[in-house]
Amino acid sequence: MLTALLIVANVLIFILQEFVFGRKFVALFSLNLLFFKEGFFWQPLSSMFLHGNFAHLALNMVVLFQFGRILEALLGRVRFALLYLVGGVLCSLLCALYLLFAFEIGWQKISLVGASGAICVLMGFYAFWEKSSTKGLLVALLLMSFVPLFMGVNVAWYGHIFGFFCGYFWAFLRRKR
C-alpha cells in the first residue's frame, strides 16, 4: 500500500528533521525564498515531507490515510502516486509564487513545510469524484484553513486552497478524458 509507505516516509523524515539534522535541514528542504534566489529546485517536493511539529505531522497523516487508501484503491498505485506527488509539487509551485508575492510586498519571509497541499489535492480530487461529499469537503477545507488562523496558529491556508483546486481540476480533466 503506497499510502502506508508515504506515511512511513513522512514519519521517518520528521524523526530525522527533529532529532538528527535540525534547523539547517529545515532551511534547506522547506519551501522558501532559496528556491528562487539559490535555485534550490528540490524544495517543492522535499517540503511536502517536513512538518512543523508532531501535531502537524499526526493530523496530516490521519487525513492522508483517510483519503489515500480510498484513492489508491480507486486509481491504482501509479496513478495515485502521480496524483499525490505531481499534484503536491504543483501546489508547492503555486505556494512558491505566493511566498514571493508576500516577500515582495513586505509581509514576511515564509518557510513552508507539510504534506497539507498534497493531501488537499487528494481531497479536491475526491470532492469532484464523489459529488455527495463536495460541500462537506469544502467546509472542512475552509475550517482547517482559517479556524487555526483565528486561534493564532500559523497555517498555510493558501496551500490548502491551491491543493484542493489542483485536485478538483485534475479530476475534472480526468473525467473529460
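The structure is a predicted model, in which local features need pLDDT of at least 70 and side-chain atom pairs count only at pLDDT 80 or more, while totals for chains, interfaces and linings use all residues. Residues are numbered from 1 along each chain as its sequence is written, and side-chain values use heavy atoms, with hydrogens and water left out.

Tyrosine 126 lies in helix α7, which covers residues 116–129; helices here are DSSP runs of H or I with at least four residues, numbered from the N terminus. With a relative accessible area of 18%, tyrosine 126 is buried, a term that denotes under 20% relative accessible area (1.4 Å probe, protein chains only). Beyond its neighbours within four places in sequence, tyrosine 126 is in contact (heavy atoms within 4.5 Å) with Phe67, Ile70, Leu71, Ser133 and Leu137.

Serine 133 is placed in the loop between α7 and α8 and counts as buried at 15% relative accessibility. When residues up to four places away in sequence are not counted, serine 133 touches Tyr126 and Ala127. The side chain of serine 133 also reaches the backbone oxygen of glutamate 130, at 2.7 Å.

Among the buried residues of α9 are Tyr158, His160, Phe164 and Cys166. The cover over the buried residues of α9 includes α6 (77–104), α7 and α8 (134–150).

Technical notes: Helices (H or I, at least four residues) and strands (E, at least two) are DSSP runs, numbered from the N terminus. Buried means under 20% relative accessible area, exposed over 50%, partly exposed in between (1.4 Å probe, protein chains only). A polar contact is a pair of N or O atoms within 3.5 Å; within protein, one must be able to donate a hydrogen and the other to accept it, and residues adjacent in sequence count only if both atoms are side-chain atoms.
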